[in-house]
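Hi,

Here is the structure I promised to pass on.

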Amino acid sequence: MSDPITRPTVGAQRDGVDPAAVEEKPEGVTPSAIGRLGERKRARLDALAQASADKGGVSLIRDAFRRLRRNPVAIFGAAIVALFVLVAIFAPLLAPHDPAQRFDELTKNLTVDSIPGASSDFPLGSDPLGRDFLSRMIYGSRQTLFVGVVATLIGLALGVLIGALSGAFGGWIDNILMRFTDVMLALPALLLAISLVAMASRSSQWTVILAVAIVNVPIFARLLRGSMLAQRESDHVLAARALGVKQHSIVLRHMLPNAMTAVIVQATLTLSTAILEAASLSFLGLGDPDINRAEWGLMLGVDGQRYFEVRPELAYYPAIAIIVVALGFTLLGEGMREAIDPKNRR
Amino acid sequence: MLRVIVRRLLQLVVTLIALSALIFIWLRNLPGGPVEALLGERATPASRALLIKALGYDQPVLVQYAKFMQRVLTGDFGNSIRTGDPVTEVIGRAFPATIELAAVAMIIAVGLGVPLGYLAARHRGRLLDNLSIAGTLLGISIPIFFLGYLLKDVFTQNIHWFPPSGRISTGVDNTDVTGFFVLDGLLTREFDATGDALWHLILPAFTLATIPLAVIVRITRASVLDVLNEDYVRTAEAKGLRHKTIRGRHILRNALLPVVTTIGLQTGALLSGAVLTEKVYNWGGLGTLITDSISGGRDYPVLQALILLAALVFVVVNLLVDLSYAFIDPRVRVR
Amino acid sequence: MSLLDVRDLSVVFQRRGERPFTAVDKVSFSVEPGQTVGLVGESGCGKSVTSLAIMGLLPRRGNKVTGQVMFDGADLLALRPDDMRDRRGRDIGMIFQDPLSSLNPVVPIGTQVAEVLERHRGMDRKAALKEARELLDAVGIPDPNRRLKEYPHQISGGMRQRALIAIALACKPRLLIADEPTTALDVTIQAQILTLLKQLVDETGTALIMITHDLGVVAGLCDTVNVLYGGKVVERAARHELFARPRHPYTHGLLNSVPRLDSPRGERLHAIRGSVADNIPWAEGCAFAPRCDNVVDACLEGTPPLEPTTTGGDLRCNNPVTEEVAVP
């Protein structure tokens, strides 16, 4: 909207409809006009002008953080994530027992169709091997966090590498790398993960982590490449180029950091899907075979499945834990996405 | 337009060839190799040598790849290690079950998701909207195999509304014509078989529909909200048009464009989800076949065919969706 | 009786967690049958919100509309939504600023014209399309038969605005509201569209509310001009009166900021200082005071009243401009 008789108004989307239009940074009141006013009036006018001036001039990142902090849903997600991480860190202090220890008082009551329930020593009862279920749940946060974070980080690192090479060089490198991601994207996520696990002669925790990581590589790569390409045409990159800044420094200092915000948001969301995918692999019998490992996906997918009819709590507790944590990462991620979305800048 | 189709088709072919090459390399480099996989670890050197010759593994790699591709293109994927049956036959038996399940799930996801997303957008910030947001968030956060067990527990153990597993009741007489039980019942006029098959379909289909449903609700909602802000909707209101016209011609016709793309991508979620859902409900489809082919000693011939098939279905569906775009969106048509 | 009589129209936007914002503040004006009335002001002065309020097109939530909009003896603001829906497009037509975004991108032009006729004149699709062809022809779109089947992206900006005019005038409304109809167009096209509008309102006798920031548009078209500032009418006058003797310092500033070919060499263009962001609330005084060259103490002591002038207009100013300006 060009308005020849006024300075261009930045905030106004449509004439008059947007109340934000009047909240722009003011030019200030010129002395000549005020000079004719009485002292008292002048002070009042200044105060009024100052009040509206305070609203302007917040940097983009700080602005995004401000919006994130104001979003109660994102804060809720962050709180869940924080709680989850704290439990993982302080698991040894919180858990009443060793998660791998089999207790005689539990094993002696263990049969195929009866698993001891809650008692004073074991608040959530026993798992199918006579171990303290509560302690396994608490320690489970550690392994779940580990699987989610490591898988996401590996996927992120590989994806960013591919995406950055593609976006920075373009041409045939871009072409080859993108065809490569095409092949990976030609298989639906879980099927790709299954195929990858099937490649290994036997599963381990690392086959699961790698499979989940690789599934996310093309997503990160495409995302980063896309936002880097968009950056390439942006004003500040063109300006840097016009100033004679070297190519590698444009890529490293200008394009990559800006494009990374979208990738970091995606990584937060991926933490949620990674945990869910790992649980799915466990359910299909392709998970970590280590029976001592306490990880929620494993507990839900293996014991929860097998003993669902005998003791459904074995499925319920890890499932609820997974749902809550997945929800936490999703809410936080979406809050971040909303916060950096230029559409929401006001 | 034609050029776009040709280019996309070429891209598709390249992708599939690359994938088949990867699968070929994968099979060649299995731990212990395919021979080991076929014979087990205790095979005698003589039988091993015989098999290597029989499989053509003594020939140069490129020749082997050419032969591999030749067989793949003629639909010959060899025999299943587990059952000894031809792979095409094994897959052919399981294929209709999965397609039937996935199709009903997709109908549920689109049929519920689009109206729900629209209503949520129109009632933005109200109870219905908040409920749908909460529901979709839960839908993408819940492991669907757990949801499957939960539904199964409630609807087959507590209240006996639906059968717990399988595609058809044992007492029901159904004639196998196409392998699609619902369709077979209709074709042979055995309507009780159709009813029974549908009755068996409901729980698994709802389970499988969870994620696509959640995604479609969200995309529809977001897209309708975007369109509601468009000037042409205001123009339509300024014309005094009826609600029905504004909703159909001006809001939904625009808002559903991104939803169509999503439906294509959700085929992936359906194929992935089918593996999990089929295991929960003992549904004898491709998903069960994949699980069985991995856990009961790896059945590589079946696996490679399944992977290629899944990729083919996924890629082709997405191609069709992209092409259909050209017919729905006039702005794409001219280019 | 006036065709349209807007009395004390106020629109207050209220978003959750934000303080209310008064976009339109007790605006009153009237439009006689066949008359062309201008609503002039900068972005954010409330002129578009006024038009949307008259049409009943403001969002259902987040705002409060008070006052009266008497049209044809009925208060449009008091009508049931469905009754208002019946009137929109039939009794009152509206043209918007951006012709590209105001047309549905996935529906052919013909359908977009025809659907108004189907709705308000009960035509079937075939008759409506035939009439649509005539309408496109009447607004000067060449080869109307072909255009009926084309989509908005396939025709030029000027043609799109012509199509929107055809839609707005399809049911021969008694009032047409044009919200910055030329702002998004090329300068050469602007003149064509204005000429077309003038010709059509002359032919059909439709009354027109012209919303613009462009005094050039006002000069060529309007009988009466309402100048809005900060959501209030600050000056109202007949066109010639306004251009010859602008009394409000804001109007004066607007006229002075238009570049003139006959101005003496080296004379600087007089822009109005600052922007609407400098406004003070009307309750504190005159909203324009911080930008005003004629500001006096009284300007910070409550809202100046809108008072009749000797020349038949209205003025809201404590210290009006007295000098005359030549008509541009």
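How many of the 11 residues of helix α9 (residues 189-199) of chain A are buried? The answer is 10, so this helix is largely enclosed by the rest of the structure. Do keep in mind as you read that this is a predicted model.

To find the buried part of α9(A), go to A189(A), L190(A), L191(A), L192(A), A193(A), I194(A), S195(A), L196(A), V197(A) and A198(A). And what do they pack against? Within chain A, the partners are α8 (171-185), α10 (205-232) and α12 (247-283). Chain B joins in too, with α11 (243-281), α12 and α13 (300-328).

Helix α5 (residues 87-122) of chain B and helix α12 (residues 286-295) of chain B have axes that come within 7 Å and cross at roughly 135°. That angle makes α5(B) oblique to α12(B). On the α5(B) side you'll see V90(B), A94(B), F95(B) and T98(B), which meet L286(B), G287(B) and L289(B) in α12(B). Sorted by class, this contact has 5 nonpolar and 2 polar residues, with no charged ones.

Next, the place where chain B touches chain C. Here 19 residues of chain B are in contact with 25 residues of chain C. On the chain B side, the elements giving two or more residues are α10 (231-238), α11 and α14 (330-333). Of these, α10(B) gives the most, with 6 residues. What classes do the residues on the chain B side divide into? They come out as 4 nonpolar, 5 polar and 10 charged.

Chain C has a sheet you can trace by eye. It is an open one, with 4 strands in the order β2-β1-β4-β5 and antiparallel pairing. β2 (21-31) and β5 (74-75) of chain C stand at the edges with a single partner strand each, so one side of each has no neighbour in the sheet. Strand β4 (residues 63-71) of chain C is joined to β5(C) by 2 bridges, and the two run antiparallel. If you want one bridge to click on, F71(C) has A74(C) in β5(C) as its partner.

Finally, something from a record: an unreviewed UniProt entry annotates residues 6-255 of chain C as "domain: ABC transporter". In the model, that span is 42% helix and 25% strand, and its end C-alpha atoms lie 26 Å apart.

Cheers

Definitions and conventions:
Residues numbered from 1 in each chain as written. Chains lettered and ligands numbered in written order. Predicted model: local features only at pLDDT ≥ 70, side-chain atom pairs only at ≥ 80, totals over all residues. UniProt positions renumbered as here; feature names shortened; annotations may be inferred. Axes fitted to C-alpha atoms, helices over the stretch in contact; angles between N-to-C directions. Parallel < 35°, antiparallel > 145°, perpendicular 65-115°, else oblique. Contact = placed C-beta atoms within 7 Å. Nonpolar A, V, L, I, M, F, W, Y, C, P; charged D, E, K, R; others polar. Pairing = 2+ DSSP bridges. Buried ≥ 20, exposed ≤ 12 C-beta atoms within 10 Å, placed from the backbone.
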